[in-house]
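Q: Can you walk me through this model? I'd like the fold, then the details.

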Amino acid sequence: MALSKKNTKSSKEKLEKKSEQVGEFVGTRRPFIGAIFLFFALIFTVAFIDNVPGQEFFFRESFLKAYDTSTGLLSANLCGRVGATFNILFLDFIGAATVLVLVYLFWIGALCFQRRARPFALPSIAAMLVSIIAFACACAMFQQFRDAKIVGTNTFTSGWGGKLGTGIYMNIFHPSLRFFGSLILLILIYAFCMVVVFAENPSMLASELGENLRKTPSFFGKVFKVLLSLGKAIFAMLIFIPKKLFAKKPSENNNEVNLQED
């Protein structure tokens, strides 16, 4: 009897230790932080959809006086001055890349409701910023290619790519690579950033790319292998995201059985 009790006690201790290790690896949920991100994502999305010129915003008579183009009565955004001020600042600075900011806010908020050790690591944040810049540059590139110049509109006061995208593209990409060279480079940058942001294990993807480069002797073969691997990763990512977001939580009994079997 004493021996069986000791064995039972030791097995329980092992199970508890293993459960602690699994919990440390998987991480914890952060519903409060996730709710904050989702709240701002929803507010700014509604404000973006309801954006029209002549809305009332903060600091209209001081810091942001240059953005006041109204000639009559001011209208109100569905999200008030907060939403209108967000539209003015972001649409002017990064242009159409504001849409990507909204997507990332929703994505980070959704990740906070999952069991993760770090829902948004530093490489993912850096990839988000780089992809936003690349997208803004691409928007400026397409406007310049279509109209042969970049001019402001009622929605995008500094062009499709905003001040940031227009400045980078017109001073760096356009003089050196023109349209087609810039297009290829921006696609590669953007695809790489998307994989880093949304892929479950970017390090395994990097090792796969390196292995393909090592095995392929010709330059064009290397480029093809890289593009093929990126395509496979993006396709897997599109399948992985819905599964990750809507996956059912396993019951505690099933987890305990799996740990005992290990």
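This is a predicted model: local features need pLDDT of at least 70, side-chain atom pairs count only at pLDDT 80 or more; totals for chains, interfaces and linings use all residues.

Q: How many helices and strands?
A: Nine helices and zero strands. Helices (H or I, at least four residues) and strands (E, at least two) are DSSP runs, numbered from the N terminus. Along the sequence the pattern reads α-α-α-α-α-α-α-α-α.

Q: What share of the protein is buried?
A: Buried residues are 32% of the 262 residues. Buried means under 20% relative accessible area, exposed over 50%, and partly exposed in between (1.4 Å probe, protein chains only).

Q: And the accessible surface?
A: About 16,800 Å², with 67% belonging to carbon and sulfur atoms. Areas come from the Shrake-Rupley method with a 1.4 Å probe; for residues, only the protein chains shown count as cover.

Q: Switching to α2. What does α2 span?
A: Helix α2 covers residues 31-49, 19 residues in total. From first C-alpha to last, α2 reaches 26 Å, close to the 27 Å expected at 1.5 Å a residue. The expected span is 1.5 Å times one less than the number of residues.

Q: Which α2 residues are buried?
A: G34, A41, F44, T45 and A47. They sit on the same side of α2, because they cover an arc of only 165° around the axis. That arc is taken over the directions from the helix axis to the C-beta atoms.

Q: Why would residues three or four places apart point the same way?
A: An α-helix has 3.6 residues a turn, so residues at that spacing point the same way.

Q: What do the buried residues of α2 pack against?
A: Against α3 (80-93) and α4 (98-111).

Q: And which exposed residues are on the face turned away?
A: F32 and L42. F32 counts as exposed because its relative accessibility is 65%.

Q: New topic. How many salt bridges?
A: Three. The rule is a side-chain nitrogen of Lys or Arg within 4 Å of a carboxyl oxygen of Asp or Glu.

Q: What is the N to O distance for E56 and R81?
A: 2.4 Å for that salt bridge. E56 lies in the loop between α2 and α3 and R81 in helix α3, so the pair ties together parts 25 residues apart in sequence. E56 is partly exposed at 27%. R81 is also partly exposed, at 39%.

Q: Which residue does K163 pair with?
A: D92, with the closest N and O atoms 3.3 Å apart. This pair links distant parts of the chain: K163 is in helix α6 (residues 162-198), D92 in helix α3, 71 residues apart.

Q: Is D92 buried or exposed?
A: D92 is buried, at 5% relative accessibility. K163 is partly exposed, at 49%.

Q: And R146, what is its partner?
A: D147, with the closest N and O atoms 2.9 Å apart. R146 is exposed at 58%, while D147 is partly exposed at 30%.

Q: Which residues have a positive phi although not glycine?
A: Among them are A148, at about 65°, and R178, at about 60°. A148 lies in the loop between α5 and α6 and is exposed at 60% relative accessibility. R178 is in helix α6.

Q: Where is N154?
A: In the loop between α5 (122-147) and α6. N154 is exposed, at 65% relative accessibility. The C-alpha atoms of N154 and V52 are 8.0 Å apart, although 102 residues separate the two along the chain.

Technical notes:
Residues are numbered from 1 along each chain as its sequence is written. Side-chain values use heavy atoms; hydrogens and water are left out. Contact means heavy atoms within 4.5 Å.
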